[in-house]
Amino acid sequence: MVYISQNLEFNENKIIYTDAVIGVEWEVMMDWEDTLMSASAAYICEGGGDILEIGFGMAISATYIQSHTINSHTIIENHPDMIPKAQAWAADKSNVIIVEGSWHDVKDTLSTYDGLFMDTYGDQDMDKFSTVLPSLMKAGGKATWWNSMTGSENYYGISDVTYDVYDVNPPLNSYFNYNQYYLPKKQF
Amino acid sequence: MPNIYWSKNAIASIGPSGQSSYSGAREAAEDSSNTTNTTSTNAIVSGFIRTSSRGGAAFGFRRSYWGFDFTGYTEGTISNLKFNFKPSTGSTGTLSNRLAQFNGFGTEVGSNYSTGDWWDSIENPLVPYSNAFNSPDSTTVQAITLNSTAITDAGTDGFLKLVLMNTGDYNGIAVGVDQSNITNWNVGNNSTGNIYLSFDYEAPGYGNKVNSILPANVSQINGISNSNISQVIGV
């Protein structure tokens with residue numbers, strides 16, 4: 001069963017689901033990432049302007065993005081359990097636009113942005129991200145993404161990327177168990 | 001046609017949870033869990049899972065390891081060697097598998113599998129013992145032909161030790177598409193169960209001198225099958 005068909009469980013410190021077929025509990029996001037979300041938001045908001053966030057998660061990065069001076073904040077979310085939470089979170093924020101669906105499905109309806117943060121889960125189109133990314137960025141725009149790999153490389157194979165290294169101590173989980181997080185920074 | 005049932009077995013797995021590297025999981029120093037000498041029904045004996053996760057993919061592997069004692073069959077000639085198994089109906093996905101050389105279970109088939117055997121005790125580069133074969137989602141007994149390398153190893157060592165791998169594991173290629181391939185078998189016990197080797201066996205020829213000719217030089221006699229001996233007797 002694909003991720004967006006799974007029932008998510010929202011806990012105070014994490015979002016999880018259980019894949020009954022293989023009997024595995026998966027963490028989707030956890031609050032130990034707070035520092036990384038803050039740093040990611042800070043990087044893409046350095047120039048202000050229009051910000052695109054792909055994946056809402058626990059609203060950690062979204063909240064940090066809102067703490068910066070920006071014009072607009074577009075959030076794409078495709079999980080049916082997550083969309084209402086994103087809408088509720090955005091209700092009192094005038095510059096937030098919630099776009100429902102897969103980022104790849106809606107990409108042609110989007111604008112171009114000064115900052116972009118890509119952080120999806122169970123994404124069947126993630127291999128297309130490196131190709132699509134340039135079309136979403138303004139000149140001088142800054143992009144980052146959740147980096148599941150350690151060391152100076154990234155899953156998407158995006159070139160000319162620099163990395164800020166953060167020491168982390170995540171509890172054992174299903175998606176990241178290294179002690180250093182390499183925050184990717186790509187400027188167009 | 002003799003049958004040899006398994007002497008040792010193990011089912012081991014790693015991931016997919018927490019395993020974001022295909023090769024890192026596949027070639028890990030240790031498995032993350034294992035069961036030895038199982039007789040289970042509907043046991044997952046091989047598997048390969050790739051699932052999209054957070055900013056990448058997660059990979060899971062499951063293998064089973066089998067040891068067979070050929071003591072008593074090392075002097076003669078083994079042929080028509082087959083690996084027999086009974087699938088179950090719990091399987092899912094692409095059920096293509098392959099058998100390859102394994103070096104665990106001690107120098108003979110005397111030791112149980114240990115966690116470090118996961119990858120380190122698989123001959124590398126992989127030495128195939130069979131072509132890829134499909135394990136159907138059924139309970140129909142299957143017989144897989146083992147190649148000449150397996151026959152040689154069985155006869156030379158007196159033990160045949162092999163690993164069952166899903167082709168997603170055997171091929172060593174990190175596919176980019178999510179998939180879940182789970183092969184289930186009914187294992188059974190090690191004397192009358194469902195996992196065994198069958199083969200034809202020809203006992204060695206007469207080991208003493210024949211009219212002063214050394215045994216090593218009577219290959220023409222040694223090579224004659226029983227059905228043709230009447231021609232010799234009739235001389």
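Student: Which residue in strand 11 of chain B is the bridge partner of B:Phe48?

Tutor: That partner is B:Asn181. Before going on, a word on what you are looking at. This is a predicted model, in which local features need pLDDT of at least 70 and side-chain atom pairs count only at pLDDT 80 or more, while totals for chains, interfaces and linings use all residues. Residues are numbered from 1 along each chain as its sequence is written, chains are lettered from A and ligands numbered from 1 in the order in which they are written, and side-chain values use heavy atoms, with hydrogens and water left out.

Student: How do I read strand pairing, and in which sense do strand 4 and strand 11 of chain B pair?

Tutor: Strands of a sheet pair through backbone hydrogen bonds, either parallel or antiparallel. Here, strands (E, at least two residues) and helices (H or I, at least four) are DSSP runs numbered from the N terminus, and two strands pair if DSSP finds at least two bridges between them. Strand 4 (residues 43-52) of chain B pairs with strand 11 (residues 179-185) of chain B in the antiparallel sense, over seven bridges. Strand 4 also pairs with strand 5 (residues 57-69) of chain B, again antiparallel, over six bridges. There B:Ser52 stands opposite B:Ala57. Four residues lie between the strands of this hairpin, and B:Gly55 takes a positive phi near 65 degrees.

Student: Why is strand 4 of chain B described as largely enclosed by the rest of the structure?

Tutor: Nine of its 10 residues are buried, so the strand is largely enclosed. Buried means under 20% relative accessible area, with exposed over 50% and partly exposed in between (1.4 Å probe, protein chains only). B:Phe48 is buried, at 0% relative accessibility.

Student: What kind of aromatic pair do B:Tyr22 and B:Phe48 form?

Tutor: A pair of aromatic rings is described by the distance of the centres and the angle of the planes. Rings of Phe, Tyr and Trp (its six-membered ring) pair if their centres lie within 6.5 Å; planes under 30 degrees apart are stacked, over 60 edge-to-face, and the rest tilted. Across all chains, the search finds 36 aromatic pairs. B:Tyr22 and B:Phe48 are edge-to-face, 5.8 Å centre to centre with 80 degrees between the planes. B:Tyr22 belongs to helix 1 (residues 22-26) of chain B and B:Phe48 to strand 4, so the pair ties together parts 26 residues apart in sequence. B:Tyr22 counts as buried too, at 7% relative accessibility.

Student: Now the cores: which residues have the most contacts inside the largest nonpolar core?

Tutor: In soluble globular proteins, nonpolar side chains tend to be buried together. A nonpolar core is a set of buried Ala, Val, Leu, Ile, Met, Phe, Trp, Tyr and Cys residues joined through side-chain atoms within 4.5 Å. The largest has 40 residues, and A:Trp32, A:Phe56, A:Trp89 and A:Trp146 have the most contacts inside it. Helix 1 (34-44) of chain A is among the elements that each supply at least two residues, and helix 1 gives the most, with six. Apart from this core lies another, of 27 residues, among them B:Ile78 and B:Phe199.

Student: Which residues of helix 3 of chain A are buried?

Tutor: In helix 3 (residues 83-90), they are A:Ile83, A:Ala86, A:Trp89 and A:Ala90. Seen down the helix axis, they fall within an arc of 125 degrees, so they line one face of the helix. The arc is that of the directions from the axis to the C-beta atoms. These residues pack against helix 2 (60-66), strand 5 (72-77) and strand 6 (96-100) of chain A, where contact means heavy atoms within 4.5 Å.
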